[in-house]
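The notes follow the order in which I looked them up.

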Amino acid sequence: MARRTRSVVLVAIKGLGLGGAEKLIAEGARYWDRDRFDYRVVYFLPWKDQLVAQLEEQGVRVTSLGTRWGMTPDAVYRLHRLARKSAAAVVHVHSPTVAVAMRATRRVPLVYTEHNVADSYRQPTRLLNRLTYGRNAAVTAVSEEVAASLAGFPGPAPRVIVNGVAASVTTEAALLARRELGLAADDRLVVHVGNIRPGKGHDTLIEAATRLAADITIVSLGTERHRGDLDRLRTEAARAGVATQLKFLGQRADALAFISAADVYVSPADHEGLPVSILEALALERPVVATSVGGVPSVIRPEETGMLVAPNQPVALAEAITHVLAHPVAAADYARRGRALVEERFSLERMVGAFEDIYTELLDG
């Protein structure tokens, strides 16, 4: 019997660096139904390519459309040309700027996933996203809070499809992370993962560090958005007197090992959608202290799976971290319940299946 023709699904994103949305694509690819869909991935920022090899190892065709200038008009033209040449049946976009560029044509049904609350973007992006939003064939949001932020947008109502994770780390990898930091097994470690950009709360983390005991080590991992961002944070930490206590390690492919090695995972962001890093921390059975923003309260439930504080409140953040460290039995309970929650509700397989149900609806309709 001849194999049925697979429908081409073009997955588009700005870059394939070590960010949350990018990891959802690279790790979710393990669960893609290759019998039904011919998946291809495109991205625009060639210097953000850390996850390309992971996709290609899974047999996924990956194309970089950009140049050193990123999303130029010529790169956008190549996206439209690729969609036509590949006979894409569906384009699934994970970035508002790429979505705006793709909405210039109605030739291919467009699925748009919103990963952040709508007002977290810069004003030009927010405006263009809203003006072109009606050209989406379907919209998904990573949390109820993100979906609510799209209320009033002139187009399809968003369906909530929560992020999924499948995180695992060997004991040896976690021990190596601690060893790199010069920490013994009983030394206290707080870990944060977040790319360096506005809204991620790095300044709040620095201020909170000044209020923590001097024997607590804090590590922040994340890619700088602009050259010099990492040095700026290190300088700010030095000015605050916490340079030896708070370490900014930059981009790390082994970020999960540091999360697994942590006594507490912290998320100090000013705004979020549903951070993959928090889900990974829960999956790795780490207690979490986070700001109550976006979809975070749907997973970090006070005194159940962690502790919540208001954003931009470094004193409250430091107090919550100190409380969790001082109560290891309660912290272990938070971690255990957090892992159970992720296993029950936040699987990658479920996330991918929900996306593919939408593709099928569009193709059958």
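The model is predicted, so local features need pLDDT of at least 70 and side-chain atom pairs count only at pLDDT 80 or more, while totals for chains, interfaces and linings use all residues. Residues are numbered from 1 along each chain as its sequence is written, and side-chain values use heavy atoms, with hydrogens and water left out.

Entry 1: salt bridges.
I took a salt bridge as a side-chain nitrogen of Lys or Arg within 4 Å of a carboxyl oxygen of Asp or Glu. By that criterion the structure holds 18 salt bridges. I looked up Asp74 and Arg78, whose closest N and O atoms are 2.2 Å apart. Both residues lie in helix α3 (residues 73-85), 4 residues apart, about one turn of the helix. Helices (H or I, at least four residues) and strands (E, at least two) are DSSP runs, numbered from the N terminus. Arg78 is buried at a relative accessible area of 19%, whereas Asp74 is partly exposed at 44%.

I then turned to Glu361 and Arg159, a salt bridge with its closest N and O atoms 2.8 Å apart. This pair links distant parts of the chain, with Glu361 in helix α14 and Arg159 in strand β7 (residues 159-160), 202 residues apart. I noted both partners as partly exposed, Glu361 at 43% and Arg159 at 36%.

Arg188 and Asp215 also meet in a salt bridge, at 2.7 Å from N to O. Arg188 lies in strand β8 (residues 188-193) and Asp215 in the loop between α8 (202-209) and β9 (216-221), so the pair ties together parts 27 residues apart in sequence. Arg188 is partly exposed, at 28%. I also found Arg6, Asp38 and Arg40 joined into one network by salt bridges that share partners.

Entry 2: aromatic rings.
I counted rings of Phe, Tyr and Trp (its six-membered ring) as paired if their centres lie within 6.5 Å, with planes under 30 degrees apart stacked, over 60 edge-to-face and the rest tilted. The structure holds 5 aromatic pairs. Why is the pair of Trp32 and Tyr39 stacked? Their ring centres are 4.0 Å apart and their planes are at 15 degrees, so the pair counts as stacked. Trp32 is buried at 10%, and Tyr39 is buried at 5%.

Phe37 and Tyr359 form an edge-to-face pair, 5.6 Å centre to centre with 85 degrees between the planes. Phe37 lies in strand β2 (residues 37-43) and Tyr359 in helix α14 (residues 348-364), so this pair ties together parts 322 residues apart in sequence. Phe37 is buried at 2% and Tyr359 at 3%. I recorded that ring pairs link Trp32, Phe37, Tyr39 and Tyr359 into a cluster.

Entry 3: a charge over a ring.
I required NZ of Lys or CZ of Arg within 6 Å of the ring centre and within 35 degrees of the ring normal. Arg103 lies over the face of Tyr112, at 4.8 Å from the ring centre.

Definitions and conventions:
Buried means under 20% relative accessible area, exposed over 50%, partly exposed in between (1.4 Å probe, protein chains only).
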